[in-house]
Amino acid sequence: MTLDAKIPAGPMAEKWDRHKFDMKLVNPANKRKFTIIVVGTGLAGASAAASLGELGYNVLSFCIQDSPRRAHSIAAQGGINAAKNYQNDGDSIYRLFYDTVKGGDYRSREANVHRLAQVSVNIIDQCVAQGVPFAREYGGLLDNRSFGGAQVSRTFYARGQTGQQLLLGAYQSLMRQVHEKSVKMFARREMLDLVLVDGKARGIIVRNLVTGEIEKYAADAVCLATGGYGTVYYLSTNAVNSNVTAAWRAHKRGALFANPCFTQIHPTCIPVSGDHQSKLTLMSESLRNDGRVWVPKKQGDTRSPEQIPEEERDYYLERKYPSFGNLVPRDVASRNAKQACDDGRGVGESGLAVYLDFKDAIKRIGQDVIKEKYGNLFQMYEKITDENPYEKPMRIYPAIHYTMGGLWVDYNLMSTVPGLHVLGEANFSDHGANRLGASALMQGLADGYFVIPYTIGHYLASTPLPKVTTDHDAFKEAADNVQQRINALLAVKGGRGIREIHRELGRIMWDDVGMARTEESLTRALSRIPKLREEFWHDVSVPGSPDNLNQSLEYAGRVADYLEFAELLALDALERRESCGGHFREESQTPEGEALRDDEHYSYVAAWEFQGVGTRPTLHKEALVFDEVHPTQRSYK
Amino acid sequence: MRLNLKIWRQAGPNAAGRLVDYVADSVSTDMSFLEMLDVVNEDLTKKGEESIAFDSDCREGICGTCSLVINGIPHGPDRGTTVCQLHMRRFKDGETVTIEPWRARAFPVLKDLIVDRSAFDRIIAAGGYVSVNCGGAQDGNAIPISKDIADAAMDSAQCIGCGACVAACKNASAHLFMSAKISQLALLPQGQVERQRRVLSMIEQADAEGFGSCSNEGECEAVCPKEIPISNIALMTREYVKAVLAAK
Ligand SMILES: Cc1cc2nc3c(=O)[nH]c(=O)nc-3n(C[C@H](O)[C@H](O)[C@H](O)COP(=O)(O)OP(=O)(O)OC[C@H]3O[C@@H](n4cnc5c(N)ncnc54)[C@H](O)[C@@H]3O)c2cc1C
Ligand code: FES
């Protein structure tokens with residue numbers, strides 16, 4: 001298989017406009033004859049379903065929550081980037097493009113990133129038109145802030161609830177199309193298989209999570225916008241129902257999975273408090289604009305923070321990276337926190353935390369201003385930890401937050417399965433080995449509002465798509481496949497809890513495939529994961545029946561998929577014997593301990609082809625070519 | 001810590017439900033309420049018994065999925081807090097805690113503690129938006145909006161759609177939920193064009209769904225995890241009256 005990214009010809013800045021002109025259009029009267037399935041109603045899925053509905057397509061939209069408004073995107077706090085240059089501080093499309101390629105440590109596809117930067121400006125306009133209440137200045141214009149890794153203020157925000165407000169904007173547009181009957185909404189449905197007819201994606205199999213029924217849906221094209229796979233680590237900042245299931249089942253049907261080892265660890269989360277913990281809570285990185293990160297200079301210093309004098313504190317980010325200071329990118333901030341703790345200078349009971357201190361900011365701009373900027377975050381912190389962050393520095397520690405890897409897509413967002421398009425966090429395309437803050441919301445909405453409406457039209461207009469109904473044998477085969485897996489889960493009747501096994505998987509992933517990876521740890525993970533998978537299939541207990549609402553069954557299905565997927569993630573990490581972005585191989589570092597890339601051998605996208613569970617997948621490489629931004633060693637000194 | 005739990009179990013929408021006793025042992029004060037239930041469920045699962053069905057997702061107070069009535073109060077005893085953010089340090093050793101689903105005609109129980117809130121989606125579908133298609137929007141800064149107005153709109157827009165307001169109201173009214181969206185869009189210039197149509201359609205839909213009317217009890221405001229004030233309802237009522245008069 002050769003991977004063709006279908007990057008349009010021409011100068012970087014003109015590629016997308018030219019491509020838009022070159023693509024075929026679907027005649028307005030014909031649009032309603034095409035059915036498009038959109039799985040997922042996060043920013044990517046909701047914006048896609050709404051826009052496709054507005055264009056006149058017949059859209060079927062699916063999500064696992066009880067309402068499309070509850071997709072995981074709702075939890076995003078900090079903001080969304082756009083190259084508006086409203087602040088006159090030197091921003092431009094090119095700079096956003098440049099920052100994103102550099103921030104991704106030169107492992108993303110330039111043409112996709114440029115398009116993302118280009119349409120970013122339209123996203124803000126669209127959201128404002130929908131009534132998204134972005135923060136404003138006194139003059140009535142939109143306010144911006146700077147966000148991790150950027151030296152310009154290009155981040156738009158709605159208090160600490162940007163994801164919520166953007167998602168509600170997209171959700172409302174989606175519900176408007178539901179009202180207009182161009183979109184049919186199917187909530188509480190979980191996609192469990194992709195249906196291929198003549199090699200093309202022509203439908204999906206879902207489980208109705210209320211009745212347990214296995215349902216079949218046919219279409220002319222399928223879009224997956226099912227989010228990331230961070231919960232393979234068990235503890236993460238993702239919502240507890242986030243999963244890899246839809247993407248993984250599509251992978252098993254032939255969609256290549258790209259760069260699964262590119263996972264992002266967010267530096268500012270509330271530390272783990274015990275075994276019972278079900279998720280980790282993010283403290284938005286915008287806090288690093290005003291908070292200063294430090295640990296005691298002395299190892300094992302157990303004094304409370306206010307007793308440690310200034311000169312005995314190590315503001316290590318400011319010390320090591322004078323020009324970026326506390327605003328270094330996430331991977332750098334996370335790794336440094338880990339180093340400080342490994343060095344015995346971590347704080348809090350577990351020693352697995354560093355301080356994020358607002359004392360100086362409160363002195364400088366006052367508690368009221370801090371409260372206005374971050375009030376809800378401070379409140380959330382206090383609720384969870386029972387400590388007042390206005391008085392005592394926050395304790396923070398890195399946690400899994402985002403996954404850059406995902407299903408491989410070409411420039412048109414189509415996977416290696418014709419007709420299967422992948423949007424948002426579920427695809428791999430724009431963030432390389434590390435995502436910059438406030439860029440995931442941008443990408444989700446770019447894909448849904450401004451890319452897929454064009455590219456899917458081209459696919460539909462240029463592909464012969466004979467009518468297919470759910471009576472086709474392929475639907476029966478896929479539905480039987482789903483049913484068998486469900487029966488198998490219920491039949492194990494062992495004695496181990498699903499959560500217990502998931503937690504154990506998470507521990508393997510965090511210890512061996514986490515912030516610092518080595519040949520040894522990855523090899524160990526690759527022997528531990530299949531063993532745990534075997535244990536699961538021999539000894540898991542999944543009570544209840546298949547034919548009604550059964551949360552144990554849902555959860556078990558997701559964990560079963562993770563137990564297969566985790567192996568691919570670890571293998572990808574093992575095979576990439578370089579450090580880049582969030583992927584840190586201890587064997588590959590600079591004398592100062594920074595990630596050391598190996599462009600000569602690893603400047604490619606690793607796209608894996610499924611060959612069976614427990615069988616080594618086949619690696620395909622998409623070479624990365626940098627015409628505009630020349631790879632250099634990232635430096636934030 | 002050890003707690004005695006009385007939890008509503010109901011096999012399906014048409015089955016009869018009842019409170020069943022459980023004991024939660026070795027509860028730590030750092031646990032969230034839902035993590036305490038996770039532990040109870042994990043024990044049930046290991047014994048091959050069906051777990052207690054309850055809804056949750058983000059577990060940080062923003063998605064609006066979690067929805068438990070604890071000792072008679074939607075989302076439990078803490079003000080401005082969803083149940084996923086409620087922590088066990090709020091409870092005493094040996095305490096008895098009753099856990100029930102949202103109860104309202106328009107929110108039928110699906111199983112145990114899970115209810116069907118799709119009526120809220122249909123209310124939004126009836127008009128809770130600005131009708132703009134994607135593409136062609138003018139520059140974001142072309143409409144200046146004063147900071148005060150933007151902040152007030154944001155105050156209302158914070159609603160997470162959890163339905164606690166309905167669960168707390170003796171009339172099972174959806175007024176606080178509706179009024180939050182109506183206020184947000186009535187305050188902003190973008191919402192002006194459809195202002196009247198919006199309030200009429202949304203209220204009509206709420207009536208059709210079987211939500212009750214508002215008799216100013218204020219229970220909704222007291223349980224709202226985002227502390228959305230009932231002044232929103234007053235604003236909605238004015239909008240409604242104006243719209244009805246204009247329609248005549
Ligand atoms: C706490 C937190 C804060 C963040 N803050 C920011 C920020 O400030 N700025 C930023 O840019 N990014 C931020 N991010 C990242 C960003 O929120 C996500 O990357 C982004 O929202 C993902 O959107 P999505 O549409 O791709 O997927 P999601 O929002 O995850 O949506 C996935 C959808 O797929 C559905 N689904 C999943 N599996 C199935 C299935 N099998 N069948 C049917 N449906 C399924 C779900 O129901 C859901 O509707 C944050 C992330 C977290 C966790
Ligand atoms: S689970 Fe999201 S608000 Fe409680």
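In the predicted model, 18 residues of domain 1 of chain B are in contact with 21 residues of domain 2 of chain B. Domain 1 spans residues 3-111 of chain B, and domain 2 spans 118-247. Their centres, taken over C-alpha atoms, are separated by 29 Å. The two domains of chain B bury about 1,400 Å² between them. Carbon and sulfur atoms account for 62% of that area. The polar count across this interface is 2 residue pairs in polar contact, with both residues at pLDDT 80 or more. Salt bridges between domain 1 and domain 2 of chain B number 0.

Chain A is also divided, into domain 1 (265-400) and domain 2 (473-602). The C-alpha centres of these domains of chain A lie 30 Å apart. Here 14 residues of domain 1 are in contact with 13 residues of domain 2. The buried area is about 1,000 Å², with 56% of it on carbon and sulfur atoms. On the side of domain 1 of chain A, the residues that lose the most area to domain 2 are A:Ile265, A:Asp275 and A:Arg335. Together they make up 47% of what that side buries.

The interface between the two domains of chain A holds 1 salt bridge. A salt bridge also joins the side chains of A:Asp275 and A:Arg507, with N to O at 2.9 Å. Polar contacts between domain 1 and domain 2 of chain A amount to 4 residue pairs, both residues at pLDDT 80 or more. Two elements of chain A, α9 (330-342) and β15 (394-403), each supply at least two residues of the side of domain 1 that touches domain 2. Helix α9 of chain A gives the most to that side, with 6 residues.

The contact between the chains involves 76 residues of chain A and 76 residues of chain B. About 6,400 Å² is buried between chain A and chain B. Carbon and sulfur atoms give 48% of this area. The interface between the chains includes 9 salt bridges. B:Asp155 and A:Arg159 form a salt bridge, with their closest N and O atoms 2.9 Å apart. Polar contacts between chain A and chain B come to 54 residue pairs, again with both residues at pLDDT 80 or more. On the side of chain A that touches chain B, the elements giving two or more residues include α3 (43-55), α5 (110-130), α6 (162-179) and α11 (367-385). Helices α12 (440-462), α14 (498-512) and α16 of chain A are also among them. Helix α6 of chain A gives the most to this side, with 9 residues.

Nonpolar packing was examined next. The largest nonpolar core has 246 residues. Within this core, A:Ile80, A:Phe134, A:Ile204, A:Leu420 and B:Phe211 touch the most other members. Helix α16 of chain A (residues 551-575) contributes the largest share of the core, 15 residues. Beyond its neighbours within four places in sequence, B:Phe211 is in contact with residues including B:Ala106, B:Phe107, B:Ala119, B:Phe120 and B:Ile123. B:Val166, B:Asn171, B:Ala172, B:Ser173, B:Ala174 and B:Ala206 are also among the contacts of B:Phe211.

Over all chains, the structure contains 79 salt bridges. One of the pairs is A:Arg313 with A:Glu310, whose closest N and O atoms are 3.5 Å apart. A:Arg313 is buried, because its relative accessible area of 6% falls under 20%. A:Glu310 is partly exposed, with a relative accessible area of 38%. In a further pair, the side chains of A:Lys476 and A:Asp480 meet at 3.0 Å, N to O. Both residues lie in helix α13 of chain A (residues 473-492), 4 residues apart, about one turn of the helix. A:Lys476 is partly exposed at 49% relative accessible area, and A:Asp480 is partly exposed at 34%.

A:Arg496 forms a salt bridge with A:Glu504, the closest N and O atoms lying 2.8 Å apart. A:Arg496 counts as buried, at 13% relative accessibility. A:Glu504 counts as partly exposed, at 31%. Elsewhere, salt bridges that share partners link A:Asp105, A:Arg107, A:Arg576, A:Glu578, A:Arg597 and A:Asp599 into one network.

How values were computed. Residues numbered from 1 in each chain as written. Chains lettered and ligands numbered in written order. Predicted model: local features only at pLDDT ≥ 70, side-chain atom pairs only at ≥ 80, totals over all residues. Heavy atoms only, no water. Core = buried A, V, L, I, M, F, W, Y, C linked by side-chain atoms within 4.5 Å. Buried < 20%, exposed > 50% of the residue type's maximum accessible area, 1.4 Å probe, protein only. Contact = heavy atoms within 4.5 Å. Domains from an automatic or database assignment. Buried area = accessible area lost by both parts, 1.4 Å probe. Salt bridge = Lys/Arg side-chain N within 4 Å of Asp/Glu carboxyl O. Polar contact = N/O pair within 3.5 Å; in protein donor to acceptor, adjacent residues only side chain to side chain.
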